[in-house]
Every structure is written in C-alpha cells, then in structure tokens.
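Colleague: I am new to this structure. Could you show it to me and take some questions?

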Amino acid sequence: MVAGVLAALIAFSTLGMLGVSARNGANWFQSVPVDLSTPPVPQRSVILAEDGSKIATFYYENRVDVPLKKVAPIMRKAILAIEDNRFYEHGGLDFKATIRALASNLAAGEVTQGGSGITQQYVKNLLVETASNSEERSSALAETPARKVKELRLAVAMEKKYTKDEILERYLNIAYFGDGAYGIEAAARHYFGKSAASLTLPQAALLAGIVRYPYAYDPTVSPQRATERRNTVLARMAQIHWADPAEAAAAERTSLGLDVKSTPNGCVESSAPFFCDYVQREILTNPIFGATDKARKALLQRGGLTIRTTVDPKMQRAAQKAVDRYVPQKNSSHKASAEVLVQPGTGAVRAMVVDRSLGPSEKIGKTWVNFAADGDHGTSLGMQAGSTFKVFTLAAALDQDMAFGHRLYAPDHYSPTGLHDCDGKYAGSSTSLSNAGDGEGGRTFSLVTGTWNSVNTFFLNLEKQVGLCDTVKMAEKLGMRRADGKPLQQVASFTLGPNTVSPIRLAAAYAAFAARGRYCDPVVLAKITDATGHEMKVPDAKCHQAVRKGVADGVNHVLRGVLTQGTAAGMGIGRPAAGKTGTVDNFTSAWFAGYTPDMASAVWVGDPRGGYAHPMQNVCLAGRCYGEVFGADIPAPIWRQTMLGALKGVPAHDFHSPPGEYYREGSGEDRVQVPNVVGLSVSAARSRLAAAGFDVNTGGSVASDTYPRGTVARTSPGGGSRVEPGATVTIYVSRGRPNRPNPPGNPPGGPPTQGPPTFPPPTFPPIGDTTGARPNND
C-alpha cells in the first residue's frame with residue numbers, strides 16, 4: 001500500500017494531475033495487469049555450416065541471451081552496486097529511492113527522477129524493445145507521468161511473477177552496453193573478446209558503468225569518460241564491501257584493455273557469401289517461415305535462430321579455389337563463373353560459389369547477383385543451358401527403350417519440322433540449325449556416339465523421333481525450370497538448351513541420374529532451432545523416383561564415355577564419373593555438368609553483361625587465351641579440380657550396370673569391320689558393303705598391276721579396318737596396268753618375264769558381326 005501511494009505521488013506530483021485518491025490509486029497499482037507479458041527481445045541469428053562452423057550472423061540488435069549462471073559473479077555485483085545495491089532487499093519499488101525521487105519531483109514541479117531500480121529499468125527496456133511501431137516506441141521513451149505509472153505498475157507485477165535472479169538475468173540480457181552491443185554476453189565478446197562468464201573486476205566495472213548512459217560512456221568513443229565512470233563503479237563496490245579495497249584501487253590504475261571485435265551482420269563478410277545469401281533469401285521468401293515478408297524478416301533478424309545448413313566447408317573451399325583459378329575475380333575480360341555441388345539422393349547443397357565478392361557491381365570483382373541461383377534466390381535471370389540439355393532427350397529415348405546401338409543420320413544442317421508441344425500446338429521450325437564443328441554431320445551416329453560427340457543435328461533428329469513433349473516432360477520431372485520461375489519454353493531447339501536456367505537446378509537434375517533416377521529438390525537448410533531451443537520446420541527435399549532406375553543407369557553408362565572418348569576426354573578424376581559439356585549458340589557461354597555416384601556439380605562460365613554482346617570468343621583468362629570457349633575448355637577443368645578436392649578422402653563408388661535390353665543392337669560404341677571387297681566387280685562390292693550397313697561412294701579409277709580393269713583395286717577405309725557402323729566406304733576401280741616402257745630382253749608385245757602374283761580369295765565376316773570390336777577415341 002505504501003509503495004502504491006508513493007508511486008502515485010511520484011507520478012502525479014505535478015499540480016492538478018492527481019485525479020484519484022492515493023488509496024484507490026494504490027489498490028489499482030498493486031493489481032496485476034491483465035496484459036502482463038514478457039515477449040522475447042531481439043536476439044541475433046547464426047548460420048552454421050554442416051560441421052557447426054559459423055558462416056554468418058544476422059541481427060537487428062547484436063544480442064546473445066545467456067543464463068545468469070553464465071555471467072561472472074563479479075559482473076552481477078558490479079551492475080547491482082552502481083544501479084541497485086538493495087535489489088535483493090526491496091520489492092518492486094525501492095522506498096528510499098522513491099522518496100528521493102518524490103522530493104526531487106515536488107521541487108521541480110515535474111517528473112525529473114523515477115527512483116528506477118533494476119526491475120523498473122528492465123520494464124522500461126522491455127517496453128522499448130517490444131514496441132511494434134514508432135508510436136509505441138516513442139510512448140515507451142516519453143518522460144510523462146502516464147509512462148512512469150505504467151512502468152512502476154509493471155515493475156511491481158514483475159516482482160510477483162519472477163524471482164530476483166530471473167529479473168536480474170533478464171535485465172542483463174536486455175540492457176544496452178553501447179557500440180551496438182546488446183546484453184552482457186554480446187558486450188563481453190565485443191569489448192574484450194571473451195564470454196560474460198570470464199569477465200574480471202575492471203572489465204565488469206567498465207561494462208556496469210556504461211548502461212546508465214551508453215552513448216556518453218562508450219569506451220570506443222570516449223575512453224577517458226569511460227575510465228572515470230569505471231572507477232566510480234569500482235569505488236562504489238569497495239564502499240559497500242563488494243570488492244576488496246586494495247583490488248579495486250589496483251583496478252582503477254589499469255588501462256581499459258579493450259579488444260574490440262565487431263560482429264559482421266549479414267553475408268558480405270561470410271566465408272561462403274553466395275551460399276549465405278541463398279540461405280537468407282530462402283528464409284525471407286518461404287512462407288514456411290512466416291505469412292508476411294515483415295514476419296519472416298523479424299524472425300531472421302530478431303528470432304535468435306540457430307540455422308544449421310548443408311554446406312560442406314571443404315567442398316566449398318575446393319569449388320571456390322577452382323573457379324577463382326580459371327576465372328579470376330578481377331579479370332580484365334569481365335567474365336564470371338559459378339558452380340553448385342548437390343549430393344545425389346538427398347538434394348543437399350554442399351557448395352555454392354561465384355568468382356566474385358558479394359557487393360555492388362560498380363566495383364570490379366563484386367556483384368549482388370547470385371549467378372548460381374534462380375531469380376527468387378539471387379536475382380539472376382539464368383543463362384542458356386546449351387548442350388547440357390541433350391541429356392534429357394537421351395533419357396527420354398532410353399525411357400522409350402531405345403537401344404544404345406540405335407542409329408540416326410546427322411546431316412550438316414537440320415530444320416526441326418513436324419514437332420508439337422505438350423498442348424498439341426505446332427512447335428516446328430523451318431530454321432536450319434547446324435553442328436558446332438565441321439565434319440560432324442553427313443553420317444550416322446548411335447545413341448552413344450551421338451552423345452559422346454554432342455552432335456546437334458543428331459539430337460534434333462532424336463528429339464523428333466522421341467517427341468518434343470516427352471523430352472520436355474523428362475526435364476520437368478528432373479526439376480528443371482527457367483531461372484525466372486516460368487515454365488520451360490517448348491521450342492523446336494529445346495534439346496540444344498535455349499532455356500535460361502541456373503547451375504543449382506542443373507546440378508540437382510544431374511544428381512538425380514547419379515542417384516539412379518531419384519530426384520530431390522535442392523535444399524540448404526538441415527535444421528533450425530529458435531531462441532528457446534524449439535526445432536522449427538524446414539523445407540523438405542521431396543525426394544522421389546522421377547525416372548526408372550534402368551533409365552538412369554543407361555544415361556550414366558553413356559555419359560561416362562564423354563569423359564573418356566567424347567567432348568570432355570581427359571577430364572576424368574580417377575574414379576567412376578560421368579558428365580556432359582555444354583556450349584551455347586554463338587559461344588554466349590559454356591557449361592559442364594558432371595557427377596559421380598556421390599556428388600554432382602554444374603559449372604557455368606560466361607559474361608554477366610550479356611553473352612550475345614560479349615561472347616566467349618577471343619578471351620584471355622588466367623594467363624591463357626582462347627579463340628572460342630567450349631564446355632571442355634574452362635567449365636570442365638573447373639569441375640575436375642573441384643571434384644578432386646571435394647571428394648578427397650571420400651570412398652569411390654561405381655555406377656550400376658545398365659539393363660541388358662539396351663544392348664540388343666550392340667553397344668553403340670563398337671566399331672565394325674569393313675569387308676574386304678578388292679578384286680570384286682563394282683556391283684558385287686557395292687552389294688557386299690551395303691549388306692554390311694555401309695554407305696558406298698565411288699572415288700574414281702586407279703592403275704593396278706594386281707586387279708583387272710573394272711574390278712575394285714582398293715577401298716578407304718581398307719578392308720579389315722574397324723569403323724563406326726554406317727560409315728561411308730569409298731571404292732576405287734582398277735583401270736588396269738599402268739603404261740610402262742618395255743623391259744630390256746622382252747620383245748614388244750611379248751609375254752611378261754613373270755606372271756602376276758596370286759592371292760587367296762577374300763574372306764568376309766558374317767554380316768552384322770561385331771564380335772571383338774573395340775571403341776575408338778574420336
């Protein structure tokens with residue numbers, strides 16, 4: 001009752017403001033407010049790597065809550081000595097302090113003192129910290145009788161609800177200690193680089209002295225004033241026998257001994273900046289973390305989250321080192337590179353790198369755009385995928401049980417007509433498309449060799465045979481979408497990769513082949529706990545069997561040859577691996593997507609200013625110049641170096657063998673033997689070669705001592721050579737003996753001195769026999 005009367009007098013001591021009796025005011029004051037609550041104060045969130053190492057912190061206020069037992073006893077004494085040494089003796093109000101405040105207020109005619117103890121200070125800080133808008137915050141700071149009464153009433157209620165230790169703990173965690181440090185733990189780490197549990201006498205006194213006027217006593221701004229304030233605290237501790245006088249005096253003579261350590265806020269200074277940025281955007285954009293943008297931002301910056309992610313620091317370093325080696329951060333060509341590693345079977349993103357620092361693009365070597373991510377996670381509009389998309393046509397063909405040895409003609413130029421999209425609309429084009437290199441067209445390829453050599457016209461023909469819609473659906477089943485979030489464009493050249501995509505999506509799609517057709521959405525969050533230790537829900541990878549295991553095994557079998565006999569020959573990593581190069585039309589960019597059963601990766605190299613205006617031609621990077629950059633030139637070596645570092649120490653695993661049914665037309669990679677047709681008539685030779693599946697061309701006549709005029713004198717390739725099925729064999733017809741001078745001793749027109757040599761009749765392997773054939777390096 002006395003406390004209530006005193007409080008009412010303090011609050012309403014100004015003339016004319018006392019509207020109720022002191023006794024009625026006291027009764028109202030002592031009642032517990034129905035809206036009494038102590039919502040959590042803002043705490044910083046921390047992002048951790050898979051191994052628990054810190055990647056970044058996010059905060060509205062740099063605060064780390066700790067229990068009272070983790071605050072050094074000398075720190076507790078210091079704060080109480082200078083702020084409220086009778087804290088454990090009085091209730092919600094300190095009568096002595098309140099009387100002093102009453103006298104001061106009556107003399108001044110207004111509220112000049114509040115007699116605030118620890119509980120009252122905690123209440124004031126709480127009202128400020130939990131204000132939901134600027135109006136509430138201003139009200140919490142206003143020097144008005146109404147605000148003071150509210151504080152005092154809440155202080156009394158707090159004393160009824162919590163123990164003294166609980167209130168002191170809450171106060172130490174909410175108080176502001178200057179220079180951006182909120183709470184005693186953050187302050188100890190910031191000023192001295194240690195925990196609150198390890199503070200010494202002079203350090204505790206310095207921190208205790210700051211809270212009254214944090215800006216005035218900030219030791220980083222006003223060290224002299226801070227020193228004087230610290231010594232005041234030490235003197236007070238000695239005066240009330242809470243510190244040994246000699247020790248306090250010795251402490252007064254010491255320097256401040258600051259070891260200021262700033263706590264970075266955000267991803268800019270992170271060891272994995274673009275991965276960190278992806279995590280941040282995942283939380284800020286995913287409704288699972290809040291219904292509104294404001295709620296999600298508050299959760300990240302104020303929620304005290306512990307965010308454990310999927311990134312592997314070793315793999316992250318390996319990828320960063322690789323992209324920086326081949327595409328240096330500040331290269332004069334302005335080219336850029338990005339890479340993402342995704343774990344097959346889980347979708348876990350193990351690394352995400354860009355050869356830039358996170359920052360304004362006006363500065364060379366920096367960008368805010370995450371080239372590795374989709375637009376909703378990094379503002380990138382994506383890059384055309386190029387020939388990396390051919391794998392979806394290959395998979396669709398195998399899904400239709402097409403054999404490895406299935407052959408299609410690949411002309412020099414091809415107009416993809418007769419195609420329809422998944423809505424049945426005509427999607428063909430009369431535009432003539434060509435191959436990337438000379439000599440690729442004009443012959444047939446198998447499903448295997450067409451992929452190894454990445455022949456454009458072969459895949460356009462294959463796409464027509466498989467169906468555009470089936471090819472598109474295969475890509476969609478494996479998670480592919482445009483980086484801007486829109487559906488894939490179903491155009492005639494779909495298999496050549498005109499759609500703009502991101503490395504993370506492409507890596508996840510290729511990871512599905514490594515996982516035998518099991519596709520998982522790429523995920524970066526492993527576990528999140530809030531400030532209370534409660535585990536929160538995180539996005540699920542939604543792993544499912546997207547394509548048949550046998551189809552994936554078949555794709556893996558074919559793509560393994562790309563690294564040994566195809567466009568990326570020589571890029572092996574000493575363990576089973578597969579991959580596909582991607583060179584975009586007009587050399588606007590280049591890709592490589594590759595994988596082992598344990599890890600998948602996609603690498604992009606291009607120009608952020610625009611590939612058509614700034615193609616990958618006549619480019620010099622890292623001391624090497626390129627006339628034209630193909631997928632095997634820079635992206636594949638980046639992938640190779642990354643995988644060698646990322647998988648070091650990881651046991652190697654092999655792919656599963658493909659189903660036997662895919663071999664019903666041969667392996668697709670075998671060479672067949674050219675029949676020996678020399679000595680036969682032209683018509684007989686043509687029939688024999690055609691029956692063996694070869695195209696036949698006549699190369700003209702040649703003189704021959706051996707074969708009669710009109711018979712086949714030789715072929716190219718020669719009989720017995722092993723070549724691709726369907727290759728062209730050129731025959732050369734004998735025009736008889738060459739005209740020579742008559743040898744001495746022979747009469748004109750006489751018989752030769754020696755008859756022509758005799759040869760055994762030619763033997764021919766059975767038509768279609770490919771036994772013992774071996775692949776050849778193209």
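Colleague: Is Phe587 buried or exposed, and what is its relative accessible area?

Modeller: This is a predicted model, where local features need pLDDT of at least 70, side-chain atom pairs count only at pLDDT 80 or more, and totals for chains, interfaces and linings use all residues. Residues are numbered from 1 along each chain as its sequence is written, and side-chain values use heavy atoms, without hydrogens and water. Buried means under 20% relative accessible area, exposed over 50%, and partly exposed in between, with a 1.4 Å probe and protein chains only. Phe587 therefore counts as buried, and its relative accessible area is 13%.

Colleague: What kind of aromatic pair do Phe587 and Phe630 form?

Modeller: Rings of Phe, Tyr and Trp (its six-membered ring) pair if their centres lie within 6.5 Å; planes under 30 degrees apart are stacked, over 60 edge-to-face, and the rest tilted. Here the centres are 5.1 Å apart and the planes make 85°. The pair of Phe587 and Phe630 is edge-to-face.

Colleague: How many residues apart in sequence are the parts that this pair of Phe587 and Phe630 ties together?

Modeller: Helices (H or I, at least four residues) and strands (E, at least two) are DSSP runs, numbered from the N terminus. Phe587 is in the loop between strand 20 (578-583) and strand 21 (589-595), and Phe630 is in the loop between strand 24 and helix 22, so the parts tied together are 43 residues apart.

Colleague: How many aromatic pairs does the structure hold?

Modeller: Some rings also gather in one aromatic cluster: Tyr510, Phe513, Tyr595 and Phe655. For aromatic pairs, the count is 16.

Colleague: Which residues have the most contacts inside the largest nonpolar core?

Modeller: A nonpolar core is a set of buried Ala, Val, Leu, Ile, Met, Phe, Trp, Tyr and Cys residues joined through side-chain atoms within 4.5 Å. The largest has 130 residues. Helix 20 (residues 503-514) gives the most to this core, with ten residues. The residues with the most contacts inside the core are Leu478 and Tyr595.

Colleague: Which residue is the bridge partner of Thr309 in strand 17?

Modeller: Strand 5 (residues 306-309) and strand 17 (residues 525-529) pair in the antiparallel sense, over four bridges. The partner of Thr309 is Leu525.

Colleague: Which residue in strand 24 stands opposite Cys620?

Modeller: Strand 23 (residues 617-621) and strand 24 (residues 624-628) run antiparallel, joined by four bridges. Their hairpin has two residues between the strands, and Ala622 takes a positive phi near 50° there. Opposite Cys620 stands Cys625.

Key:
Pairing = 2+ DSSP bridges.
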